[in-house]
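Please read the following report alongside the sequence and the coordinates. It moves from the packing of side chains to strand pairing and then to charged contacts.

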Amino acid sequence: MAQHEIQQRLSVDQYTLGLVGPDQDWAGTVADGGTIETYTPPACWGPMITPEFRGGHEVTRPIRVENAAVGDAIALKIRDVEVTSMATSTGTMREREGAFGDDPFVDHRCPGCGTEWPDSVVEGTGEGAIRCRECGENASAFGFEYGYTVVFDDERSVGLTMDADGAHELATEARSVMDIPPNSRQHPILLYEPSEMPGTLGRLRPFIGNVGTTPPIELPDSHNAGDFGQFLIGADHEWGLSSEAELEERTDGHMDVPEVRAGATLLCPVKVDGGGVYVGDLHANQGDGELSLHTTDVSGTVTMDVEVIKGLDIDGPVLLPNEEDLPFISKPYSEEERQAGRDLAATHGVDLEADMGPIQVIGSGGTINDATDNAFERAGSLLDMTEGEVRARCTFTGGVQIGRLPGVVQLDMLAPMDRLEARNIDHLVREQYGL
């Protein structure tokens, strides 16, 4: 990756073809304490139906952060997430036999002529619209098992699912309606015009599904996580991994955690010098668990400030959500609660440990249980606690939430502030929650 002049404010609108790793070209270098602005295309469905892609997303080129070295962390303070698409399509997927090898997200091939990652063209609308440029065969690896098209209001506060006529009308202007950025190479999923579940109203709350730092090995961007990454182990393609140990190089950028939204702060591990921050996979909304495996993919813009935390040496992300997004027992204490605690402590002769702050440690793995075990390990390492103490504190002052099935979780805890001070992240927690 080439070096670039350090910029206080860096705007990025260049993307990879579905890969993250040290061989990707830098988008530029942002100052430690500077601001990143990105304009991203939809992820998931668009890249999934576009056979040129090597991964299931279309994320930005990596951004170098001044002063970030291996073993550090980068705090991403998300200031704004804005949806620019006016509509999208989504649903549950079905795979098209013959259009891929081991993995329909990664090793695409034309079922007609056998070309790997064939160049494609659009002919009309519907699930047969994506054609191999060489032989004309339907070259897309995916269709809908059950799908729907959603149109948004001007404020992007609600979405409404369309009937067949409405979905078709949007499909005829798919690229402009989805606001596909000029440098994007995906075909818009609105082309498929699914129309099941018409007339359903849903609330919108945009967030970033795939954001973080570059792993030290090249991975499909959608597989930079402990659950989707399982598909790489033993796979017979260029990005196949020989063992679970190789997957430990991941940085868990692909989280699909709805709380990674405007106002949150995300701490990310630095596993290559410069960090290599990337952004993509904006969603207009998502229920916990992403039970369809997909949700409302959209184009949009993200603004976030960056801060390097020297020597934090975390293995995966740590999230500081908006206070309103925290579970009830994980919220910072009110003054009334603190006073009640002081009264109890005085009555029973116990020293009150009242100086605590909320954190969420992200864990991932092949199953929810595996992901939770991974979060226990990461939390114990971060806070110098035994697994028993982690489990106890998370039971009494936190819990576990499901980001995505089959295996991404948020482990909630009110962490003792002295432990956070020892890792030099107490200032981020105090800033986030006004402590």
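The model is predicted, so local features are taken only at pLDDT of at least 70 and side-chain atom pairs only at pLDDT 80 or more, whereas totals for chains, interfaces and linings use all residues. Residues are numbered from 1 along each chain as its sequence is written, and side-chain values use heavy atoms, with hydrogens and water left out.

**Aromatic pairs.** Six aromatic pairs are found in a search of the whole structure; rings of Phe, Tyr and Trp (its six-membered ring) pair if their centres lie within 6.5 Å, and planes under 30 degrees apart count as stacked, over 60 as edge-to-face and the rest as tilted. One of them joins Phe105 to Phe228 in an edge-to-face arrangement, with 5.9 Å centre to centre and 70 degrees between the planes. This pair links distant parts of the chain, 123 residues apart, since Phe105 lies in the loop between strand 6 (87–95) and strand 7 (120–122) and Phe228 in the loop between strand 13 (219–220) and helix 4 (244–247); helices (H or I, at least four residues) and strands (E, at least two) are DSSP runs, numbered from the N terminus. Phe228 also forms an edge-to-face pair with Phe231, at 5.9 Å centre to centre and 80 degrees between the planes. Together with Phe142, the residues Phe105, Phe228 and Phe231 make up one aromatic cluster. Phe105 is buried at 7% relative accessible area and Phe228 is buried at 6%, while Phe231 is partly exposed at 47%; buried means under 20% relative accessible area, exposed over 50% and partly exposed in between (1.4 Å probe, protein chains only).

**Nonpolar cores.** The largest nonpolar core has 37 residues, and Ile208 and Val211 have the most contacts inside it; such a core is a set of buried Ala, Val, Leu, Ile, Met, Phe, Trp, Tyr and Cys residues joined through side-chain atoms within 4.5 Å. Strand 5 (residues 73–83) gives the most to this core, with five residues. Another core lies apart from it and has 30 residues, among them Leu312, Ala371, Ala415 and Ile425.

An open sheet has the strand order 6-9-10-11 with antiparallel pairing, where two strands pair if DSSP finds at least two bridges between them. Its edge strands, strand 6 and strand 11 (201–203), each pair on one side only. Strand 10 (residues 158–161) and strand 11 pair over three bridges, and Gly159 has Gly202 as its bridge partner in strand 11.

**A buried glycine.** Gly363 belongs to strand 18 (residues 356–364) and is buried, with a relative accessible area of 0%. Its C-alpha atom is separated by 5.3 Å from that of Val409, which is 46 residues away along the chain.

**Salt bridges.** The structure holds 25 salt bridges, each a side-chain nitrogen of Lys or Arg within 4 Å of a carboxyl oxygen of Asp or Glu. Three of them are listed here.

| Salt bridge | N to O distance |
|---|---|
| Arg250 and Glu248 | 3.7 Å |
| Asp252 and Arg250 | 3.0 Å |
| Arg261 and Asp325 | 2.8 Å |

Arg261 and Asp325 are both buried, and the pair ties together parts that are 64 residues apart in sequence, because Arg261 lies in the loop between helix 4 and strand 14 (265–269) and Asp325 in the loop between strand 17 (318–320) and helix 5 (335–348). Glu248, Arg250 and Asp252 belong to a network of salt bridges that also includes Lys271, Asp315 and Arg378.
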